[in-house]
Amino acid sequence: SMADCPEGRQRTPYLAVGCDDSTVRIISLEPNTTLASISIQALTAPASSICMAEMQDATIDRNHATTFVNIGLQNGVLDAVTGQLTDTRTRFLGSKAVRLIRTKVHGQSAVMALSTRTWLSFTYQDRLQFVPLIFDALDHAWSFSAELCPEGLIGVVGSTLRIFTIPSLASKLKQDSVALSYTPRKIA
């Protein structure tokens, strides 16, 4: 995974690579040290997904965003560490391998984690939050942007397609289901 390119730069400075030996390596992309190993993090299981995202967390740095390396493991655990691989935060997400998707929520970087439940990691009031989304676990998900839905999310659960947004970060995330009398032909 590569983080977004920092403002004022032409390239991102490093990338994270998950290896079969249950490690994640941070590799330099700088012109003078291209592909040099910067750091290594041992894991409790092989990585199934890696997602780097810059997010604000006042407990680490009040004035600047921190690059988090989110590592989904095959055993259902999520390891979130800072770019220097120093501050490890581990959370069990479910029994399935974790898949990670970088997205935007209310103009800020966020990470969606898919396992036996769907979770969202985001910044709210300068604190990193990690909350479950209250609906069926998504098999696949991605973000999209359209004129009427600039920060939309789309997910698949079995044979069901879900199109949704995160309306407010201040309240608990919930879903409302509406039974229809007829088969829908258009959505407006």
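Two strands count as paired if DSSP finds at least two bridges between them. With that in hand, here's a walk through part of this predicted model.

Let's start with the hairpins. Strand β12 (residues 140-146) runs antiparallel to strand β13 (residues 149-157), and 6 bridges hold the pairing. The turn leaves 2 residues between β12 and β13. On we go to strand β14 (residues 160-164), which is antiparallel to β13 and joined to it by 5 bridges. Here V156 stands opposite L161 of β14. This hairpin also has 2 residues between its strands, and G158 takes a positive phi near 60 degrees in it.

| Strand pair | Sense | Bridges |
|---|---|---|
| β12 (residues 140-146) and β13 (residues 149-157) | antiparallel | 6 bridges |
| β13 and β14 (residues 160-164) | antiparallel | 5 bridges |

Now for the aromatics. A search of the whole structure turns up 1 aromatic pair. That pair is W119 with F130, stacked at 5.3 Å centre to centre with 15 degrees between the planes. W119 sits in strand β10 and F130 in strand β11 (residues 127-132), so the pair ties together parts 11 residues apart in sequence. W119 counts as buried because its relative accessibility is 11%, with the cut-off at under 20%. R117 lies over the face of W119, 5.6 Å from the ring centre.

Back in β10 (residues 118-124), have a look at S121. Is S121 buried or exposed? It's buried, with a relative accessible area of 4%. Leaving out residues up to four places away in sequence, S121 touches M55, A110, V111, L128, Q129 and F130.

Methods:
Residues numbered from 1 in each chain as written. Predicted model: local features only at pLDDT ≥ 70, side-chain atom pairs only at ≥ 80, totals over all residues. Heavy atoms only, no water. Helix = DSSP H or I, 4+ residues; strand = E, 2+ residues; numbered from the N terminus. Buried < 20%, exposed > 50% of the residue type's maximum accessible area, 1.4 Å probe, protein only. Contact = heavy atoms within 4.5 Å. Phe/Tyr/Trp six-rings, centres within 6.5 Å; stacked < 30°, edge-to-face > 60°. Lys NZ or Arg CZ within 6 Å of the ring centre and 35° of its normal.
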